[in-house]
Amino acid sequence: MEEMEAQLSSNTRRGLLVLNCLILSIGNCAGPLVMRLYFVRGGKRVWFSSWLETGGWPFMLIPLIIIYMRRRSKEGSKAQLFFMKPRLFVASTVIGLLTGFDNYLYAYGVAKLPVSTSSLIIASQLAFTAAFAFLLVKQKFTAYSVNAIFLLSIGAGVLALHTSSDRPSNESSKAYYLGFFMTVAAAVLYGFILPLIELTYKKSKQAITYTLVLEMQMLVCLFATIFCTVGMLVNNDFQAIPREAKEYELGEAKYYLVVVGSGFVWQCFFLGALGVVFSASSLVSGIVIAVLLPVTEILAVIFFAEKFQAEKGVSLALSLWGFVSYFYGEIKDPKKTKNPAPDTELLQMANP
């Protein structure tokens, strides 16, 4: 059954890529906004906020249970409950702990910086993803992918022109710059994590199916949540949550709605990111994250009344240009579809 699932047609893989790009878009755009909403309306627990980034991992049980029930209806008692082998389990544990640390770095940055500024810094992740992809998985670059990276990086650079006026009035310069550097560290670390996930797929010594991607997603988020839970315990966050909910500006009920919503949208982000790596590569995942930067900027303007300077419009145009450039190159290059190389494909395409 596992081998059959691994034999994906080219059309199926493209469909999965589009689906995961949509899921990633939801999480990448909504995640920072919901997290910032938590902080600007009275939330102050950074460890709790980082915990929410992966605390929604039980959501992954729903599709896994549905897939298992379908598998059991066809195979009976012989159906496997989990496909993950020990090698992939250990890798998922390590990636999960790194993700937990990255969650804290990012949450600290969002607590201190406007959404537009933190999103700008995270856009630099693309350059780190490209560099680590080259080192870890021997990512091959084309003129189109290099052009896309260049345009998206320039788009982020254009946005940097207005960061000096973005410091919130209630934040000290020290807190602002600490948040800035913590967010840069988060960008570097996640730029490493994406190629590490791709390397894990390649070195897993078992067929990587979409079911296995869901299992890995659940375990990565579980161990990231455990990492953040330790931080919450040390910081006494669990005792503070009920008091914080009662004092929340939007009311106690909406506080918990924000909390649950944050957990859900961040699951969309992580599932989409892992799914894009599975369907394409870590570089594509980094490009999709980067191209959504201006969208997040515009949403921040709408929901948080942040300023929309001309630089943001230019950045939006450059990002869209880079996005189109990359995928035009993917469609135009016949070698990718006719002769996939074993060392650059996660799974071999098999004709039925």
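**Notebook: helices and cysteines**

I began with the cysteines and noted that Cys221 is buried, at a relative accessible area of 0%. My cut-offs are under 20% relative accessible area for buried, over 50% for exposed and partly exposed in between, with a 1.4 Å probe on protein chains only. This is a predicted model, in which local features need pLDDT of at least 70 and side-chain atom pairs count only at pLDDT 80 or more, while totals for chains, interfaces and linings use all residues. Residues are numbered from 1 along each chain as its sequence is written, and side-chain values use heavy atoms, with hydrogens and water left out.

Cys21 also counts as buried, at 14% relative accessibility. I then looked for disulfides and found 0 in the structure, taking a disulfide as a pair of cysteine sulfur atoms within 2.5 Å.

Next I turned to helix pairs. Helices are DSSP runs (H or I, at least four residues), numbered from the N terminus. Axes are lines fitted to C-alpha atoms over the stretch in contact, and angles run from 0 to 180 degrees between N-to-C directions.

Which residues make the contact between H10 and H12? The axes of H10 (residues 210-234) and H12 (residues 252-279) come within 10 Å and cross at roughly 135°. That makes H10 oblique to H12, where angles under 35 degrees are roughly parallel, over 145 roughly antiparallel, 65 to 115 roughly perpendicular and the rest oblique. From H10 the contact takes in Tyr210, Val213, Leu214, Met216, Gln217 and Cys221, and from H12 Gln267, Phe270, Leu271, Leu274, Gly275 and Phe278. Contact means heavy atoms within 4.5 Å.

I checked H3 (residues 46-54) against H12 as well: the axes are 6 Å apart, at an angle of about 50°. H3 is therefore oblique to H12. Phe48, Leu52, Glu53 and Thr54 of H3 meet Tyr255, Val259, Ser262, Gly263, Trp266, Gln267 and Phe270 of H12.

For H11 (residues 237-247) I listed Asp237, Ala240, Ile241, Glu244 and Ala245 as buried. They lie on the same side of H11, because they cover an arc of only 140° around the axis, taken from the directions from the helix axis to the C-beta atoms. Gln239 and Lys246 are exposed, on the face of H11 turned away from its buried side.

Last, I looked up Ala300, in H14 (residues 293-304). Ala300 is buried, at 0% relative accessibility.

Methods
Helix = DSSP H or I, 4+ residues; strand = E, 2+ residues; numbered from the N terminus.
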